[in-house]
Each structure stands twice: as C-alpha cells, then as structure tokens.
Amino acid sequence: MEQKYKYPKNWFKHNLIAVPTGFAGGNCSACLFRDAEKYCNKLVCSCFLDPNDSLNMESVYWIGRETHANIGTWTELVDFFNTVPKQKIRYISSSVVTKAVLEARQKNK
C-alpha cells in the first residue's frame, strides 16, 4: 500500500533544503535530483521575485537534510514523489524556493 502524505508541505520542510545559487542559472551538478529526471521534472527550481522584472530571477538546487547514498534508495522520497500529484509538488517547491531566495537575500544585505 502506497503511503499518502496528508501534509506534503511538511514533508518538504522536514526532508529537503533549497539552496539558492545567487543567480538565474541553477547548479544541477550539486542537486539531489541531478540523476532523477522523473522527480526533477516535478520540482520548481527558480523564481521571479519581481514579476515585472524578467531579469530578476534566481535559482536553487536541492539537497536532503540527511545524507542518502542514492535517491532511489530513499524510500520515503520515492513514495512521496510517486503519490503526491505533480502540480502539488510544483506548488510546494515554488513556495519553498521563493522563501529560500528571500531569506538568502536578507542575509546578504
């Protein structure tokens, strides 16, 4: 039986960290999802902090709060990405990305 996550945003908060790159280009080589295209395509990795300024875009890469040798062996992640709808994951990851970028900008001021 597949596990359903009642509060998927909590799963992100407790398991993944969005690391801002400080520029529009991502850092896919550092990302947890670099070799997992089927999960990578469900995530949002960039945001526009000012919708009126298309040049004001920043990206993140994703890491796990705990170390996992291989994303495929992280059963909880596999279950999460296989049971939560893509649009829900995109919505949650978008809000996590925006928050991470805003927090990084505040630290760098």
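Which residues lie nearest the centre of the largest pocket? I looked this up first. Lys13, Leu16, Arg65, Val96 and Lys99 do, out of 13 lining residues.

**Ground rules.** I am reading a predicted model, in which local features need pLDDT of at least 70, side-chain atom pairs count only at pLDDT 80 or more, and totals for chains, interfaces and linings use all residues. Residues are numbered from 1 along each chain as its sequence is written, and side-chain values use heavy atoms, with hydrogens and water left out.

**Largest pocket.** I take a pocket as an open set of points on a 1 Å grid over the protein atoms alone, where a 1.4 Å probe fits, with protein on both sides within 12 Å along at least five of seven lines; lining residues have an atom within 4 Å of a point. I noted a volume of about 310 Å³ for the largest pocket, volume being the space filled by probe spheres set on the points, which are joined across faces, edges and corners. Helix 1 (8–15), strand 1 (16–20) and helix 4 (86–107) each give two or more residues to its lining. Helices (H or I, at least four residues) and strands (E, at least two) are DSSP runs, numbered from the N terminus. Helix 4 supplies the largest share, 5 residues. I sorted the lining into 6 nonpolar, 2 polar and 5 charged residues. Here Ala, Val, Leu, Ile, Met, Phe, Trp, Tyr, Cys and Pro count as nonpolar, Asp, Glu, Lys and Arg as charged, and the others, Gly among them, as polar.

**Second largest pocket.** I found about 190 Å³ of space there. Its lining includes Cys31, Trp62 and His68, and the classes are 7 nonpolar, 3 polar and 2 charged.

**Helix 1 and helix 4.** How do their axes cross? They come within 10 Å and cross at roughly 50°; axes are lines fitted to C-alpha atoms, for helices over the stretch in contact, and angles run from 0 to 180 degrees between N-to-C directions. Helix 1 is therefore oblique to helix 4, since angles under 35 degrees count as roughly parallel, over 145 as roughly antiparallel, 65 to 115 as roughly perpendicular and the rest as oblique. Pro8, Lys9 and Phe12 of helix 1 meet residues of helix 4 including Ile89, Ile92 and Val96; contact means heavy atoms within 4.5 Å.

**Helix 1 and helix 3.** I read that the axes of helix 1 and helix 3 (residues 75–83) come within 12 Å and cross at roughly 150°. The two helices are therefore roughly antiparallel. Pro8, Trp11, Phe12 and Asn15 of helix 1 touch Glu76, Leu77, Phe80 and Phe81 of helix 3.
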